[in-house]
Amino acid sequence: MSLNPLGMVDGNLQEHRPRGPRLYHKKSRTGCMRCKQRRVKCDETRPSCGSCSRHEVECVYPNASQGAAKGVPVTRHNSGPTVYSANQQTTSGSGLPGLTPVTDDSSHRVLDHTSRSPSNENRPANSPHYLGCYPSPNSSYPTLDEETDADISLPEGPWRRFWEIRLIHNYHQNMVQPFPFAQNEEVVQIWRTHVPNLAMRMAQEHNRCSLLHITLANSALYLWTKSRDKKERDELFKLQQTYQIMCVKEQRRDINELSHQMLQNADYVCFTSIRILAHSIALVQTLTVDPWEPPVQWLYMGRGAGQILQMARKLISPESDTKIKTFARSPPDMSDPNELIYLDHSSLDWLLDPPPGAGSLAAQEDRELEDENVKSVYGKALSYICSVQKAIDNKEKDFAIVRRFGGFAVWVPIEFTRFIEERRPRAMVVFAFFMSLWLNYEHIWMIGKAGELQIRGIYKVLPIEWNYKLDGLFARFKQPEVHT
């Protein structure tokens with residue numbers, strides 16, 4: 001069996017699905033009939049295993065003596081995964097927020113597990129393209145079809161082994177310390193040793209792979225930012241999409257099932273949430289400029305991750321020695337709302353002013369700030385921007401500033417994200433100024449050109465009478481295209 005440079009199996013191999021156990025867990029020989037047919041690991045819970053309960057289908061175990069299927073009475077559970085909606089906050093069965101938003105934006109295509117493109121016929125059998133398990137490449141942020149019953153996975157074989165070895169090696173070699181100035185040694189050790197060990201242990205011993213999958217997705221995205229080979233970049237981007245989807249499905253289950261054991265599983269649940277949030281931040285640089293894609297998924301994920309961490313903080317005792325507690329105590333200190341969303345923001349209040357000309361139609365129709373709640377949301381967003389600028393002026397290290405970037409999604413009210421989705425001009429202007437803070441951090445892989453790209457995208461869709469507010473931002477890079 002030979003591999004090309006990308007690890008793809010040569011096309012003259014037999015054309016059928018690869019067999020064998022799925023990665024990271026042993027083959028189940030006493031599982032239910034449905035899991036056997038789907039070739040997935042069965043947790044063998046009776047009367048209904050976890051997979052059948054989640055999909056609300058009858059769970060049937062084989063008769064031990066005759067090897068025949070025998071029906072087992074099943075209690076149907078309303079245990080399908082819960083997601084964030086763009087228009088409302090939903091919670092899982094455990095009362096915890098989901099970390100994955102859904103969108104009705106048609107550009108975010110749902111993965112079709114049954115369709116095959118004509119070009120698939122010429123692809124190798126062991127290639128994920130042939131099996132149709134990759135999501136659409138048209139969107140950085142994948143969404144999941146809640147109605148589908150198919151599992152999203154990668155096929156077994158040399159192709160997968162090649163990439164996973166490379167991704168794990170890349171994580172240890174390049175991603176443990178991604179900043180020019182070292183973080184606290186305790187924190188570095190957490191990412192170098194504790195998190196990888198935790199990911200492998202939970203995968204091997206408990207069949208919980210969300211932390212492992214998001215680590216692989218994160219590593220694939222890192223390599224995508226460094227690669228200059230188009231074919232390799234396409235492969236890496238699809239890999240990160242697929243591992244991200246696999247993580248999200250697992251993570252929903254983890255939050256539902258592990259939250260009641262938060263004291264024992266705080267590190268796993270929290271570090272997975274942090275990894276998902278970091279990955280969504282890194283994906284901002286991949287969004288399109290024309291048409292502009294606002295990074296709303298990162299903003300929704302940040303809200304969910306923040307609530308998970310807050311819940312864990314309340315449950316973990318002061319005497320516990322969890323690693324997440326060590327991480328939370330490391331700089332920067334982001335625990336005081338007075339220093340984050342209630343800071344003086346008078347220097348940026350001009351961003352909220354309507355376009356000049358009191359008699360203009362735009363000024364006459366602008367009633368947005370007459371709503372005190374709306375005005376408060378904008379005020380908190382401006383305060384947070386000022387707090388980050390203050391940290392930059394105080395010369396905080398890069399790792400601290402990047403954590404503050406991520407904190408925007410945690411601290412700024414969720415209503416602001418909805419304003420962005422609605423493309424309110426005032427919200428887009430404020431967000432462009434926040435993204436301008438990212439411009440001096442392009443050397444950090446997870447930031448890249450995200451700041452410039454978002455500003456350019458906002459400029460293109462902003463009503464022309466508001467454009468002047470962004471003119472000063474373009475002094476830091478090439479002038480924008482002129483509206484025609």
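A disulfide is taken here as a pair of cysteine sulfur atoms within 2.5 Å, and the structure holds zero disulfides. Cys32 is buried, at a relative accessible area of 0%, where buried means under 20% relative accessible area, exposed over 50% and partly exposed in between, with a 1.4 Å probe and protein chains only. Cys247 is likewise buried, with 0% relative accessibility.

## Basis of the model

This is a predicted model, in which local features need pLDDT of at least 70, side-chain atom pairs count only at pLDDT 80 or more, and totals for chains, interfaces and linings use all residues. Residues are numbered from 1 along each chain as its sequence is written, and side-chain values use heavy atoms, with hydrogens and water left out.

## Overall architecture

Of the 484 residues, 54% are buried. Among contacts with a separation of 6 or more, 71% join residues 24 or more positions apart, a contact being heavy atoms within 4.5 Å.

The protein exposes about 22800 Å², of which carbon and sulfur atoms supply 50%. Accessible areas come from the Shrake-Rupley method with a 1.4 Å probe, and for residues only the protein chains shown count as cover.

## Nonpolar cores

In soluble globular proteins, nonpolar side chains tend to be buried together. A nonpolar core is defined as a set of buried Ala, Val, Leu, Ile, Met, Phe, Trp, Tyr and Cys residues joined through side-chain atoms within 4.5 Å. The largest one has 115 residues, and those with the most contacts inside it are Trp298, Phe408, Phe416, Phe434, Trp438 and Leu470. Apart from this core lies another, of eight residues, among them Cys42, Cys49, Cys52 and Cys59.

Beyond its neighbours within four places in sequence, Trp438 is in contact with Ile281, Trp298, Phe405, Ile447, Ala450 and Gly451.

## Packing of α12 and α14

The axes of helix α12 (residues 372–393) and helix α14 (residues 414–421) come within 9 Å and cross at roughly 100°. The axes are lines fitted to C-alpha atoms, for helices over the stretch in contact, and angles run from 0 to 180 degrees between N-to-C directions. Helix α12 is therefore roughly perpendicular to α14, a term for angles of 65 to 115 degrees. Val374, Val377, Tyr378 and Ala381 of α12 make the contact with Glu415, Phe416 and Phe419 of α14.

## Buried residues within helices

Thr225 belongs to helix α6 (residues 210–226) and is buried at 15% relative accessible area. Not counting residues up to four places away in sequence, Thr225 touches Gln285 and Trp445. Its C-alpha atom is separated by 9.6 Å from that of Ala282, 57 residues away along the chain.

Thr272, in helix α8 (residues 262–282), is buried at a relative accessible area of 3%. Its contacts, leaving aside neighbours within four places in sequence, are with Ser210, Leu211, Gln251 and Asp267. Gly50, found in helix α2 (residues 50–55), is buried at 13% relative accessibility. Gly50 and Arg253 are 203 residues apart in sequence, while their C-alpha atoms are 9.4 Å apart in space.

Conventions:
Helices (H or I, at least four residues) and strands (E, at least two) are DSSP runs, numbered from the N terminus. Angles under 35 degrees count as roughly parallel, over 145 as roughly antiparallel, 65 to 115 as roughly perpendicular and the rest as oblique.
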